[in-house]
Amino acid sequence: MKLSHFPDILRFGHKNDPFYLEFDRRRGHYSMATDHYHREYELYYLFSGQRNYFIKDDVYQVQSGDLVFIESNAVHKTSDSGAPNHERIVLYFAPSYFDDLPAEERDLLLSPFLQEFPLLRPNLQEQLQLEALFHTLLTELNEQQPGFRLRISHIASELLLYTARSFLKLESLPKQESSSVQRKISDVVRYINLHFGEPLELEELSRHFFISKSYLSRMFKQVTGFGFAEYVNLTRVKEAERLLRETDHSITHVSELAGFDNFSHFGKMFKRLTGLTPRAYRESHQPFLR
């Protein structure tokens, strides 16, 4: 279905809502510029183009017609695959979106986000059915007829149910054969995810994995879309967020447990990546401490 009559950018809702969405038509070459993880579950659909998608510790090649499912708080990033131009829509569902559902229905709707392999490639018939739903959703958002918000919410729920049922009846795409470089970088990412609380230097990891420092730096960026230090800091801040939410450790101790050896650097990185100071973040998630 043609999307050319829609604007290049369409938005519904806000980041504090239980559900919101983004549609973008991007021309030329594009890679996400920012570190990226969030508490919302993310349903990503690529209408046209090709993308590389880094999720947790692996990289997937996404083509038009693919659905990608991102679990809550999973680190992810899309990057340029070498082919310019793409159109995509992303639906975000906060954990609270599912709170009022019976357990059986909640588990069903969340099941696509919990798959080991987070990519679904529908056949042509199912792709057309999905795109009809997406097209109706975008038409409602673009025209904004009376009741459009209600219709969009209903279609979003229908898409969740459709994809959940698809995982029950369709075989997901077999895991793509990774190159030796991709496998090596995935090993490095898994090592960082396990050892973020320890000192992590690029030179040390290059020796550990028998790769030159410059090659590791270049391939890490190429495969994941993140710079090495960028990913380490992101992983540590993500852990600090968890500790600030779930424990009463002092902020200094949180910074140490998360792997920061300099409290000032911790504060600066935390503010840059979350928009809040560690204290403000804790107070917003543990209001009883105010």
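Biologist: Is Lys 56 buried, exposed or partly exposed?
Modeller: Lys 56 counts as partly exposed, because its relative accessibility is 40%. Buried means under 20% relative accessible area, exposed over 50%, partly exposed in between, with a 1.4 Å probe and protein chains only. This is a predicted model, where local features need pLDDT of at least 70 and side-chain atom pairs count only at pLDDT 80 or more, while totals for chains, interfaces and linings use all residues. Residues are numbered from 1 along each chain as its sequence is written, and side-chain values use heavy atoms, leaving out hydrogens and water.

Biologist: Which side chain meets Lys 56 in a salt bridge?
Modeller: Glu 71 does, at 2.9 Å, N to O. A salt bridge here is a side-chain nitrogen of Lys or Arg within 4 Å of a carboxyl oxygen of Asp or Glu.

Biologist: Why does that pair tie parts together?
Modeller: Glu 71 lies in the loop between β6 (67-70) and β7 (76-80), and Lys 56 in the loop between β4 (50-55) and β5 (58-63), so the pair joins parts 15 residues apart in sequence. Strands (E, at least two residues) and helices (H or I, at least four) are DSSP runs, numbered from the N terminus. Glu 71 is partly exposed, at 26%.

Biologist: What does Asp 57 pair with?
Modeller: Arg 190, with the closest N and O atoms 3.2 Å apart. Asp 57 is in the loop between β4 and β5, Arg 190 is in helix α4, and 133 residues separate them. Arg 190 is partly exposed, at 34%.

Biologist: How many salt bridges in the whole structure?
Modeller: The search finds 16. One of them joins Asp 8 and Arg 27, with the closest N and O atoms 2.5 Å apart. Asp 8 is partly exposed at 30%, whereas Arg 27 is exposed at 59%.

Biologist: Which residues form a network?
Modeller: Salt bridges link Arg 11, Glu 22, Asp 24, Arg 26 and Arg 88.

Biologist: New topic. At what angle do α4 and α6 pack?
Modeller: About 95 degrees, with the axes 10 Å apart. That makes α4 roughly perpendicular to α6, a label for angles of 65 to 115 degrees. Axes are lines fitted to C-alpha atoms over the stretch in contact, and angles run from 0 to 180 degrees between N-to-C directions.

Biologist: Which residues make the contact?
Modeller: Among them are Ile 185 and Val 188 of α4, and Leu 216 and Phe 220 of α6. Contact means heavy atoms within 4.5 Å.

Methods. Parallel < 35°, antiparallel > 145°, perpendicular 65-115°, else oblique.
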